[in-house]
Amino acid sequence: MAFKVGLLGLGTVGSGTAEILLNPTQRHPLLREIEIHRVGVRSAKPRSIPLPPEIITTDLESIVTDPAVDIVVEVIGGLEPARSLILKAIAQGKHVVTANKAVIARFGDEIFTAANQAGVYVLLEAAVAGGIPVIEPLKQSLCANRIEALMGIVNGTTNYILSRMQMEGSDFDAVLADAQKLGYAEADPTADVDGLDAADKIAILSSLAFGSRIKLPEVYCEGIRKITAADITYADRLGFVIKLLAIAKRDKTATTDLDRLQVRVHPTLLPKSHPLANVNGVFNAILIQGQPVGQVMFFGPGAGSGPTASAIVADILNIAAILKVGRDAVTHADGTPLLDPLLACSHQEYATIAPIEELSTRFYVRFLANDSPGVIGYLGTCFGEHNVSIESVVQIGLRDQLAEIVVITHDVREGDFRQALAEIATFEAISSIPSVLRVLSSEE
Ligand code: NDP
Ligand code: HSE
């Protein structure tokens, strides 16, 4: 029995997927039963993958409605027509495998509701952290745990840029331009450098970890454009590295809604001894804290043709394995096939997400001020009046005739910290506040 795949997209991920499916030797024996039935692309150009030309089409709708196709693999990217094609495939009773975090983070509700009604699987291992198995472990291997927190470096482009800024002492714009020249960053880097790609991914991971749907606009998101070489140097001197972290955790500041979550993406100062501090270059890593397992860390290539295809093909095999053992024999009373509850999406409620002002964290803040008596005293008094406790104050030296002062706070409420900062900004001795960054909380 062969399982027929309709592959939508033959770019970076689609080609990698086809290469694995066409070369099953020394891989799982079930691969021999997977056949690429049809392939959908945008343009009729020559392809380097040895596929019969007659199976390649620009009519993607004809693939998702083809009665012979069992599994639709969506790797075209973007929101449309990807979303409509996925929904159409589901309506035709086809299982779906996708790498499209943008579609899932925005339309997961619609897609999984449709999939559950149709009795089909939508699997997405490749959508978060490319080749790193993290979706399946969250759904299956760690399912006995109460997940308390997950934290990760889930965007390779920004990690590459920050790692190079750290190594070379260069500024953001120069490294971004070079990364674009080398093909590590997209011509339009917005989704990566502004944290949007990481926000899509942490929304998906939190939904799985905490068993509730996440409204993407409620995910706090701050990118890395404002990080300077100066901040990286000062962070280094103070024993930290700066990483773009995606964080999701149970919100311990909540007094009434104990299920409230924090879900956020922002640059973070991490102690050099932290397990994520040495994840450099394009690599991704995710740290999961569960009860009773403790901390588990996943590390590996977060993108690329082969790594991402590895995740896609694992999902195809998962579905083929279920089909092979005759899942269709077991149905609900209305005839809809029963889905494996560990693989299918079973939650429908939306999570309550804590507003960022209520976050309790440490801060790093850099001031440029007149080098005159009383400035540091004023900072201390103003922070103190807003309940902001200072961990350290360092006057680094002079920059453009102004004193450069770096303050690190203890864990403080973000709302209180912002109020103090707004007041400090009005003080005539303060010339500017070039950087405000979060420091990993002492509890994280
Ligand atoms: P590419 O741009 O390399 O490939 C896209 C493919 O889809 C191309 O074959 C293109 O056709 C086809 N395509 C795009 N739009 C249409 C359309 N409207 N109609 C028909 N065909 C279309 O993308 P990637 O392979 O890099 O990414 C695919 C997905 O995988 C995205 O969702 C991405 O976020 C995700 N992903 C990618 C990773 C990576 O490392 N690249 C890592 C993890 C996830 P044609 O060849 O004719 O241009
Ligand atoms: N743009 C993403 C990154 C690719 O830089 O990590 C994988 O999702």
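Which helix supplies the largest share of the lining of the second largest pocket? That share comes from α4, with 7 residues. Helices here are DSSP runs of H or I with at least four residues, numbered from the N terminus. The model is predicted, so local features need pLDDT of at least 70 and side-chain atom pairs count only at pLDDT 80 or more, while totals for chains, interfaces and linings use all residues. Residues are numbered from 1 along each chain as its sequence is written, chains are lettered from A and ligands numbered from 1 in the order in which they are written, and side-chain values use heavy atoms, with hydrogens and water left out.

The second largest pocket has a volume of about 650 Å³. On a 1 Å grid over the protein atoms alone, a pocket is an open set of points with protein on both sides within 12 Å along at least five of seven lines, a cavity is a set where a 1.4 Å probe fits but cannot get out, and lining residues have an atom within 4 Å of a point. Points are joined across faces, edges and corners, and a volume is the space filled by probe spheres set on them. The pocket is lined by 36 residues, and Ser207, Leu208, Gly211, Cys345 and His347 lie nearest its centre. At least two lining residues come from each of α4, α5 and α9. By type, the lining divides into 24 nonpolar, 6 polar and 6 charged residues. In this scheme Ala, Val, Leu, Ile, Met, Phe, Trp, Tyr, Cys and Pro are nonpolar, Asp, Glu, Lys and Arg are charged, and the others, Gly among them, are polar.

Two of these helices also pack on each other. Helix α4 (residues 101-118) meets helix α9 (residues 196-210) at an angle of about 55°, with the axes 9 Å apart. That angle makes α4 oblique to α9, because oblique covers what is left after under 35 degrees (roughly parallel), over 145 (roughly antiparallel) and 65 to 115 (roughly perpendicular). Axes are lines fitted to C-alpha atoms over the stretch in contact, and angles run from 0 to 180 degrees between N-to-C directions. Contact (heavy atoms within 4.5 Å) involves Lys101, Ala102, Ile104, Ala105 and Arg106 of α4, and Asp197, Asp200, Lys201 and Ile204 of α9. These residues divide into 4 nonpolar, no polar and 5 charged.
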